Amino acid sequence: MSTYLPTLKQLQYLVALHEHGHFGRAADSCFVSQSTLSAGLRELESLLGVTLVERTRRVVRFTPLGNQVVSKAHRLLREAEELSELVQSHGAPLAGELRMSVIPTIAPFLLPRILPRLRKERPQLKLFLREEPSAAAIESLHHGRADCVLLALPFATGEVEVEPLFDDRLFVAFPKDDPRDPPEVVSPSVIDENRLLLLEDGHCLKEHALAACNRPELRASATMIGTSLHTLVQMVDNGLGLTMLPEMALEAGILHDTQIVARPLKADHAYREIALVWRKNSPRSEEFRLLAHELRAG
């Protein structure tokens, strides 16, 4: 009896449609036309003899069996990725393609400093970068869309290997003419919870800042509105409050052309730990450790 198996390409189309919920966006993410993706999914359903996706003009809805197949497809695609990684790991280190997700409170400040040196010293490395919040980045890692993630700890990462890079201190940023005349080192007790501006939910820096202060009322009263650190800086510069910034952002010049003063936060854990993480037992673990060394040197 002949057995016909789904192709990896068909499974990629299915997973992309599940992720994006839209045929056009799924096709774009796979770099194919919408008709090619639709045809591939019809072939998959015909091959399996079942309906995986219910199609209407407005809604893409996966059947219960379709959701189960997507879950299995994620695992199969991840295994295929690891097979490819196993072969690559026997070649030259840090050569070929590598997909790295980076969180938004790191990417614009650290990458401009390290990428020129990486391009010069590792010309065979093709580094594809994806900027996304921590939760989405970790999901990309476990679903095989990213090979490694550059993020800030502590954060719930699941089963991963971790290579710490460095500690990134937290600073409190005030308008230059703040009437409180901020001291050289700021204790959490002097932070006015009614004036504190933080990043909106989804950014782990918000959690790191609140945890460092260890004041429950800050979580209840702080205004969590900023979509980026640059937005928060503009709000502080216009006298709307104060915020917390990581040292790497200050070193990258985020306060240039502003009237803002930044002072170190004085607390037991007034920092976040920058780290590179990847899937546990990856055949490219040694390569990722070498990449971590390169990032640390930067």
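Buried, as used in these legends, means under 20% relative accessible area, whereas exposed means over 50% and partly exposed lies in between. The structure shown in every view is a predicted model.

View A. For Cys 148, the nearest cysteine sulfur is that of Cys 204, which is 16 Å away; for Cys 204, in turn, the nearest cysteine sulfur belongs to Cys 213, at a distance of 15 Å.

**View B. Helix H9 and the residue Gly 239 just after it.** Helix H9 covers residues 229-237, and within it Leu 229, Leu 232, Val 233, Met 235 and Val 236 are buried. Seen down the axis of H9, these buried residues fall within an arc of 165°, so they line one face of the helix. Just after H9, Gly 239 adopts a positive phi of about 75°.

**View C. A nonpolar surface patch that includes Leu 47 of helix H3.** On the surface, Tyr 4, Leu 47 and Leu 48 form a nonpolar patch, and together these residues have about 300 Å² of accessible area. Leu 47 lies in helix H3, which comprises residues 34-48, and because its relative accessibility is 32%, Leu 47 counts as partly exposed.

Methods: Residues are numbered from 1 along each chain as its sequence is written. This is a predicted model: local features need pLDDT of at least 70, side-chain atom pairs count only at pLDDT 80 or more; totals for chains, interfaces and linings use all residues. Side-chain values use heavy atoms; hydrogens and water are left out. Patches are made of residues with over 30% relative accessible area and no salt bridge: like charges are joined within 9 Å, nonpolar side chains (Val, Leu, Ile, Met, Phe, Trp, Tyr) within 5 Å. Accessible areas come from the Shrake-Rupley method with a 1.4 Å probe; for residues, only the protein chains shown count as cover. A salt bridge is a side-chain nitrogen of Lys or Arg within 4 Å of a carboxyl oxygen of Asp or Glu. Helices (H or I, at least four residues) and strands (E, at least two) are DSSP runs, numbered from the N terminus. Buried means under 20% relative accessible area, exposed over 50%, partly exposed in between (1.4 Å probe, protein chains only). The arc is that of the directions from the helix axis to the C-beta atoms. A disulfide is a pair of cysteine sulfur atoms within 2.5 Å.
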